[in-house]
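Hello,

Here is the structure we spoke about, for your files. My notes on it follow below.

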Amino acid sequence: MNAAATVTVPATSANLGPGFDSFGLALGLANRFTARLVEDGAWSVEIRGEGADSLSRGAGNRVALAMARVFAEAGAPDLGAYVACENEIPPGEGLGSSAAAIVGGMLLADHLTGAGLGPERLLELAGSMEGHPDNVAAALLGGFTVAWGGAEAARALRVEPACGVAAVVVRAGRALSTPSSRALLPSSVPHADAAFSAGRAGALAAGLAVG
């Protein structure tokens with residue numbers, strides 16, 4: 001096992017309009033996570049920057065939960081760690097803060113244990129924890145990603161945007177959780193609307209791929 005690890009994970013924008021639960025794009029903002037194993041199996045989390053006043057500082061922190069998931073996967077469920085988070089990504093404002101925490105925690109734990117799970121298995125674990133694969137795919141792989149397979153069997157294709165992408169982000173100024181926002185969506189859409197979105201999704205993906 002490795003004693004300490006540091007990873008940097010980007011913010012992400014998902015859906016990108018018609019690519020609901022499928023499209024993701026890595027952005028310039030990022031969170032930096034550092035962790036080291038502790039002998040007594042306890043958890044402690046230090047947070048600087050965004051979310052310092054609101055995020056959990058113990059085993060309930062999303063980074064710690066993701067690390068524990070990989071520790072269990074690696075056959076070491078009793079491990080604990082000290083985690084330091086330097087956050088640029090504001091939580092609850094649509095920039096993938098939870099995905100960054102999940103991916104960051106899993107990458108840290110994978111390195112600390114030497115499990116070598118690889119991107120496909122890490123994507124599956126991250127997708128199952130997040131509940132949908134779009135943000136975690138972009139956070140893990142970078143670039144523009146198209147994800148499919150649902151939360152439990154997520155797969156993703158990464159594309160480097162052909163001409164680069166400049167993102168302009170306007171902060172909402174207040175947090176809205178993903179479960180709350182998803183609860184506002186209708187349970188079904190008309191066939192004509194689905195067909196309209198499918199065509200636009202294909203055009204958007206092609207435009208990003210070929211410039």
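**Notes on the model**

L16 is partly exposed, because its relative accessible area is 22%; buried means under 20% relative accessible area, exposed over 50%, and partly exposed in between, with a 1.4 Å probe and protein chains only. This is a predicted model, in which local features need pLDDT of at least 70 and side-chain atom pairs count only at pLDDT 80 or more, while totals for chains, interfaces and linings use all residues. Residues are numbered from 1 along each chain as its sequence is written, and side-chain values use heavy atoms, with hydrogens and water left out.

**The loop between strand 1 and strand 2**

L16 is found in the loop between strand 1 and strand 2. Helices (H or I, at least four residues) and strands (E, at least two) are DSSP runs, numbered from the N terminus. L16 has a positive phi of about 55 degrees although it is not a glycine. N15 is found in that loop too, and its phi is near 70 degrees, again a positive value in a residue other than glycine. N15 counts as partly exposed, because its relative accessibility is 24%.

Helix 4 (residues 134-141) is largely enclosed by the rest of the structure, because six of its eight residues are buried. The buried ones are D134, N135, V136, A137, A138 and A139. The cover over them includes strand 1 (4-14), strand 2 (23-38), helix 2 (97-113), helix 3 (118-130), strand 5 (144-148) and strand 6 (155-159). Just after helix 4, G142 takes a positive phi of about 75 degrees.

Two packed helices are described by the angle between their axes and the distance between the axes. For helix 3 and helix 4, the axes come within 9 Å and cross at roughly 145 degrees. Here axes are lines fitted to C-alpha atoms, for helices over the stretch in contact, and angles run from 0 to 180 degrees between N-to-C directions. The crossing of helix 3 and helix 4 is right-handed; a crossing is left-handed if the near helix is turned anticlockwise from the far one by less than a right angle, and right-handed if clockwise.

On the helix 3 side, P119, L122, L123, A126, G127 and E130 meet N135, V136, A137, L140 and L141 of helix 4, where contact means heavy atoms within 4.5 Å. By class, this contact of helix 3 with helix 4 has eight nonpolar, two polar and one charged residues. Ala, Val, Leu, Ile, Met, Phe, Trp, Tyr, Cys and Pro count as nonpolar, Asp, Glu, Lys and Arg as charged, and the others, Gly among them, as polar.

**Pockets**

How much space lies in the largest pocket? The volume is about 1000 Å³. A pocket is an open set of points on a 1 Å grid over the protein atoms alone, where a 1.4 Å probe fits, with protein on both sides within 12 Å along at least five of seven lines; lining residues have an atom within 4 Å of a point. Grid points are joined across faces, edges and corners, and a volume is the space filled by probe spheres set on the points.

The largest pocket is lined by 41 residues, and G92, G94, S98, L176 and T178 lie nearest its centre. Strand 2, helix 1 (62-73), strand 4 (80-87), helix 2, helix 4 and helix 5 (178-182) each supply at least two residues of this lining. Helix 5 gives the most, with four residues. By class, the lining of the largest pocket has 16 nonpolar, 17 polar and eight charged residues.

The second largest pocket holds about 220 Å³ of space. Its lining consists of G17, P18, F20, L185, P186, V189, D193, A194 and S197, which divide into six nonpolar, two polar and one charged. A194 is found in helix 6 (residues 191-210) and counts as partly exposed at 37% relative accessibility. A194 and P18 are 176 residues apart in sequence and 9.3 Å apart in space, C-alpha to C-alpha.

**Two further residues**

G105 is in helix 2 and counts as buried, because its relative accessibility is 0%. Not counting residues up to four places away in sequence, G105 touches V63, A66 and M67. The C-alpha atoms of G105 and A35, 70 residues apart along the chain, are separated by 8.8 Å.

S56 lies in the loop between strand 3 (44-49) and helix 1 and is partly exposed, with a relative accessible area of 31%. Leaving aside neighbours within four places in sequence, S56 is in contact with V45, I47 and N61.

Regards
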